[in-house]
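Here are my notes on this one, point by point. Have the model open while you read.

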Amino acid sequence: MAEPGAKSDLHLYLRTAREALLWKLDGLSEYDIRRPLTPTGTNLLGLIKHLTGCELGYFGITFGRPFDEPLPWLTDDAEPNVDMWATADESREEIVGLYHRVCAHSDATIDELALDDAGTVPHWPDDRKRITLHRVLVHMIAETHRHAGHADIIRELIDGATGLRRENDNMPPGDRAWWQAYRDRLENVARQADRG
């Protein structure tokens, strides 16, 4: 049995990851939140759309807790990778609003179940598909923080904004010139190591 407070600690880490991801959209245009900035098309709004499906799958479907709104990108006949980008018809407000509603549904699951309550992940292999709420929480914390890290890089590429939160960027102090000098130093070190 988990120690008292373990579930609330895990839930706090999940909520922190959600908040870190969402603020990466603040102040950006529709174009910037959708622009693919990696060779595989990673973009900010797509990350939120993807995590909406993950939250619903792991905290809803896994524990037999249906959600009232269908997610068309979770059907068997959906276009491959459609959960990783938003169509021109899907607004920021629509996707972010849906993410908030799905997270509230997830939060209700977390609040109502014990850490050792079990569910079934339908798309996992038979030998691993039976899973506890504790493991789902750990999985979704890792998944959400992983994608929040992607969002960190995407946002920095768009406008230079960095850090965990707008009010606490947790970055060393330095102006643009300091960061450019720092980056140049790292570039020189990399070139020296390559000549090695």
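1. Let me start with R35, which counts as partly exposed at 21% relative accessibility (buried means under 20% relative accessible area, exposed over 50%, partly exposed in between, with a 1.4 Å probe and protein chains only). R35 pairs with D32 in a salt bridge, their closest N and O atoms being 3.0 Å apart; the term stands for a side-chain nitrogen of Lys or Arg within 4 Å of a carboxyl oxygen of Asp or Glu. D32, at 16% relative accessibility, counts as buried.

2. A word on the ground rules. This is a predicted model, where local features need pLDDT of at least 70 and side-chain atom pairs count only at pLDDT 80 or more, while totals for chains, interfaces and linings use all residues. Residues are numbered from 1 along each chain as its sequence is written, and side-chain values use heavy atoms, with hydrogens and water left out.

3. Helix α2 (residues 30–34) holds both R34 and E30, 4 residues apart, about one turn of the helix. Helices here are DSSP runs (H or I, at least four residues), numbered from the N terminus. R34 and E30 form a salt bridge, with 3.0 Å between the closest N and O atoms. E30 is partly exposed, at 34% relative accessibility.

4. An α-helix has 3.6 residues a turn, so residues three or four places apart point the same way. The salt bridge between E187 and R191 has its closest N and O atoms 3.0 Å apart. E187 is partly exposed at 30%, and R191 is partly exposed at 49%.

5. Together with Y182 and L186, W178 forms a nonpolar surface patch of about 290 Å² accessible area (Shrake-Rupley method, 1.4 Å probe, only the protein chains shown counting as cover). Such patches take residues with over 30% relative accessible area and no salt bridge, nonpolar side chains being joined within 5 Å and like charges within 9 Å.

6. Now for α3 (residues 44–60): 17 of its 17 residues are buried, so the rest of the structure largely encloses this helix. At its start, a side-chain oxygen of N43 comes to within 2.7 Å of the backbone nitrogen of G46.

7. Finally, the whole structure has 13 salt bridges. R15, R18, E55 and D107 are linked in a network of them.

Technical notes: Helices (H or I, at least four residues) and strands (E, at least two) are DSSP runs, numbered from the N terminus. A polar contact is a pair of N or O atoms within 3.5 Å; within protein, one must be able to donate a hydrogen and the other to accept it, and residues adjacent in sequence count only if both atoms are side-chain atoms.
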